Amino acid sequence: MSFVPHILVVDDHRDIREPLAAFLKKQEMRVTTANNAAAARDILARGAIDLIVLDIMMPGEDGLSLCAYVRQAMDTPMILLTARAETIDRIVGLKVGADDYVVKPFEPLELVARINSVLRRTNALPRTRDPSTSGRVAFGSWIFDLGRRELVSSDGLSIPLSSADFRLLVVLTQRAGIVLSRDQLLDLTSGREQLAFDRSIDNQISRLRRKIEPDPQKPSVIQTVWGRGYIFALEVKAIE
């Protein structure tokens, strides 16, 4: 039985939302619709969604806020629908976790191609060993508090983490013992931004190593697997 993706379309314009839903159904996709962010949150809380098509400009809670919420709460991929003039919003959307965007007015077949591309890329990524995005975990002499976005050493010293440091450490600790390629790390931490910064992950790894490695010149926590990528080599345990 072939995979039928479940798509959530979130748009306050009925004349866009309903025809798009009908078109996606013709492309052999399951579709659920929401006319605002509150309705989308309810749907996401009730059932599994494979991908969200999300309009940025909506009354009440806008698409960027919903995008940030989704990315902190779950791994569901998102494609933003944006107006041609919303360049800044598109950049912000990618930074808070969107995987791609399509500019209105758009060709429905282009959106279908983007959906299929994002789903292929997402399904190829290693799954987390622990899907939790909150709580605390321990590795080596460190305590990593995901809820407070705080890294604490054995002597109680809090180490500041940038947003990029935090996202990378979350990805690595949730996939400890799994070799991740540069492309996979970029997909998991920054989505479509990788197109402009295809080597940025090496710099991020170096910065994080300087904060958590006993000897950054001889890394024992985030190890390089030559020709393949990086691996978080320590055991990670959840703390009650």
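**Salt bridges**

I started with arginine 14, which forms a salt bridge with glutamate 18; their closest N and O atoms are 3.1 Å apart. This is a predicted model, so I keep that in mind for every entry. Arginine 14 and glutamate 18 sit 4 residues apart in helix α1, so about one helical turn separates them. In general, an α-helix has 3.6 residues a turn, so residues three or four places apart point the same way. I checked exposure too: arginine 14 is exposed at 56% relative accessibility, while glutamate 18 is partly exposed at 39%.

How many salt bridges does the structure hold? I get 10. Another of them joins the side chains of arginine 114 and glutamate 110, at 3.2 Å from N to O. These two are also 4 residues apart, in helix α5, so about one helical turn lies between them. Arginine 114 is partly exposed, with a relative accessible area of 22%, and glutamate 110 is partly exposed at 33%. I also noted a network: salt bridges that share partners join Asp11, Asp55 and Lys104.

Then I looked at aspartate 99 and arginine 71, whose side chains meet in a salt bridge at 3.4 Å, N to O. This pair links distant parts of the chain, 28 residues apart: aspartate 99 is in the loop between α4 (87–95) and β5, and arginine 71 is in helix α3. Is aspartate 99 buried or exposed? It counts as buried, at 7% relative accessibility. Arginine 71 is partly exposed at 23%.

**The parallel sheet**

Next I traced the open sheet of 5 strands, which pair in parallel in the order β2-β1-β3-β4-β5. β2 (30–34) and β5 stand at the edges with a single partner strand each, so one side of each has no neighbour in the sheet. From one strand to the next, the twist averages 20 degrees.

I zoomed in on β4 (residues 78–83), which runs parallel to β5 and is joined to it by 5 bridges. Leucine 81 has valine 102 in β5 as its bridge partner. Helix α1 (residues 14–26) lies across β1, β2, β3, β4 and β5, at about 170 degrees to β2. Helix α3 (residues 63–73) lies across β1, β3 and β4, at about 155 degrees to β3.

I followed the chain past β5 to proline 105, in the loop between β5 (100–104) and α5 (108–123). Proline 105 counts as exposed, at 73% relative accessibility.

**Cores and a hairpin**

Which residues have the most contacts inside the largest nonpolar core? They are Phe144, Leu151, Leu169, Leu172, Ile212, Ile222 and Phe232, in a core of 27 residues. Helix α6 gives the largest share of this core, 6 residues. A second, separate core has 20 residues, including Ala34, Ala40, Ile52 and Leu64.

Isoleucine 212 is one of the buried residues of α8. Helix α8 has 13 residues and reaches 19 Å from its first C-alpha to its last, close to the 18 Å expected.

Last entry: isoleucine 222 stands opposite phenylalanine 232 in β11. β10 (residues 222–225) and β11 pair in the antiparallel sense over 4 bridges. They form a hairpin with 3 residues between them, and glycine 227 in the turn has a positive phi of about 80 degrees.

Conventions: Residues numbered from 1 in each chain as written. Predicted model: local features only at pLDDT ≥ 70, side-chain atom pairs only at ≥ 80, totals over all residues. Heavy atoms only, no water. Buried < 20%, exposed > 50% of the residue type's maximum accessible area, 1.4 Å probe, protein only. Core = buried A, V, L, I, M, F, W, Y, C linked by side-chain atoms within 4.5 Å. Pairing = 2+ DSSP bridges. Expected span 1.5 Å × (residues − 1). Axes fitted to C-alpha atoms, helices over the stretch in contact; angles between N-to-C directions. Contact = heavy atoms within 4.5 Å. Salt bridge = Lys/Arg side-chain N within 4 Å of Asp/Glu carboxyl O.
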